[in-house]
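This report describes a single protein chain, going from selected residues to the overall dimensions. Please keep the structure open while reading.

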Amino acid sequence: MRRVHRKELLGMFYKGETLSDLDLTGIDLSGLDLRHAMLSECKLNGANLKGTNLEGSVLIRSHLEDSDLTGAYLTGAFLGESNLTGADLRGAHLLGADLQYAILTSADLRGANLTGAKLKGSNIEDALLNDS
């Protein structure tokens with residue numbers, strides 16, 4: 001897994017390069033437009049993705065433990081088998097998102113829009129779901 005910083009990641013994204021299997025721990029991507037990004041099997045633990053547009057993105061088997069996804073746009077995103085333990089998803093837009101077999105243990109989903117989201121096999125133990 002290769003460690004990548006924000007500037008390099010954005011260059012790779014805008015060139016259309018594959019962004020799989022990258023270490024993006026603690027990266028700040030808040031408010032960016034990363035629609036349709038291919039971030040499968042990436043390590044995004046503790047990342048700041050607040051308000052980031054990740055509509056239609058592929059984050060299958062990615063690690064997003066303790067990440068801030070407050071108000072993020074994840075409509076139609078693929079997060080299957082990802083680990084979102086302790087992630088802050090308050091007010092996130094998860095319409096039609098694929099969260100099958102994702103780990104959402106202790107995640108904060110209050111106010112998140114889960115309309116049409118696929119949650120088959122997901123672990124939502126101790127997740128905060130009020131107002132979802």
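In which segment is Glu81 found? Glu81 is found in the segment after E2, where helices (H or I, at least four residues) and strands (E, at least two) are DSSP runs numbered from the N terminus.

## Basis of the model

This is a predicted model, in which local features need pLDDT of at least 70, side-chain atom pairs count only at pLDDT 80 or more, and totals for chains, interfaces and linings use all residues. Residues are numbered from 1 along each chain as its sequence is written, and side-chain values use heavy atoms, with hydrogens and water left out.

The pLDDT is the predictor's confidence in each residue, from 0 to 100. Its mean over the protein chain is 95, and 98% of the residues reach 70 or more. Among the elements, E2 has the highest mean pLDDT (96) and H1 the lowest (91). Where pLDDT is low, the predicted coordinates should not be read in detail.

## Overall form

The protein chain has one helix and two strands, and from the N terminus on these elements run β-α-β. The C-alpha trace spans about 40 × 25 × 20 Å along its principal axes. A compact globule of 132 residues would have a radius of gyration near 14 Å, and the 13 Å of the protein chain agrees with this. The radius is taken over C-alpha atoms, and the globule rule is 2.2 Å times the number of residues to the power 0.38.

Of the 132 residues, 45% count as buried; buried means under 20% relative accessible area, exposed over 50%, and partly exposed in between (1.4 Å probe, protein chains only). The accessible surface of the protein chain comes to about 6300 Å², of which 49% belongs to carbon and sulfur atoms. Such areas come from the Shrake-Rupley method with a 1.4 Å probe, and for residues only the protein chains shown count as cover. Among contacts (heavy atoms within 4.5 Å) between residues at least 6 apart in sequence, 2% join residues at least 24 apart.

Helix H1 covers residues 6-14, and its buried residues are Leu9, Leu10, Met12 and Phe13. Seen down the axis of H1, these residues fall within an arc of 160°, so they line one face of the helix; the arc is that of the directions from the helix axis to the C-beta atoms. The cover over the buried residues of H1 includes strand E1 (2-3) and strand E2 (22-23). Lys7 and Tyr14 are exposed on the face of H1 turned away from its buried side. After H1 comes Gly16, with a positive phi near 80°.

Rings of Phe, Tyr and Trp (its six-membered ring) pair if their centres lie within 6.5 Å, with planes under 30 degrees apart counted as stacked, over 60 as edge-to-face and the rest as tilted. By this rule the count comes to one aromatic pair. The ring centres of Phe13 and Tyr14 are 5.1 Å apart and the planes stand at 70°, so the pair is edge-to-face. Phe13 is buried at 17% relative accessibility, whereas Tyr14 is exposed at 56%.

Most residues other than glycine have a negative phi, and most peptide bonds are trans. Glu81, which is not a glycine, has a positive phi near 65°, and it is partly exposed at 47% relative accessibility. Glu41 likewise lies in the segment after E2. Its phi is positive, about 60°, although it is not a glycine, and Glu41 is partly exposed with a relative accessible area of 34%.

## Other residues after E2

Asn53 is found in the segment after E2 and is buried, with a relative accessible area of 15%. Leaving aside neighbours within four places in sequence, Asn53 is in contact with Leu32, Asp33, Leu34, Arg35 and Tyr73.

Lys43, also in the segment after E2, is partly exposed at 31% relative accessible area. Beyond its neighbours within four places in sequence, Lys43 is in contact with Met1, Leu22, Asp23, Leu24, Thr25 and His63. Lys43 and Arg6 are 37 residues apart along the chain, and their C-alpha atoms are separated by 13 Å.

Asp126 has its place in the segment after E2 as well and counts as exposed at 56% relative accessibility. Asp126 and Leu109 are 17 residues apart in sequence and 11 Å apart in space, C-alpha to C-alpha.
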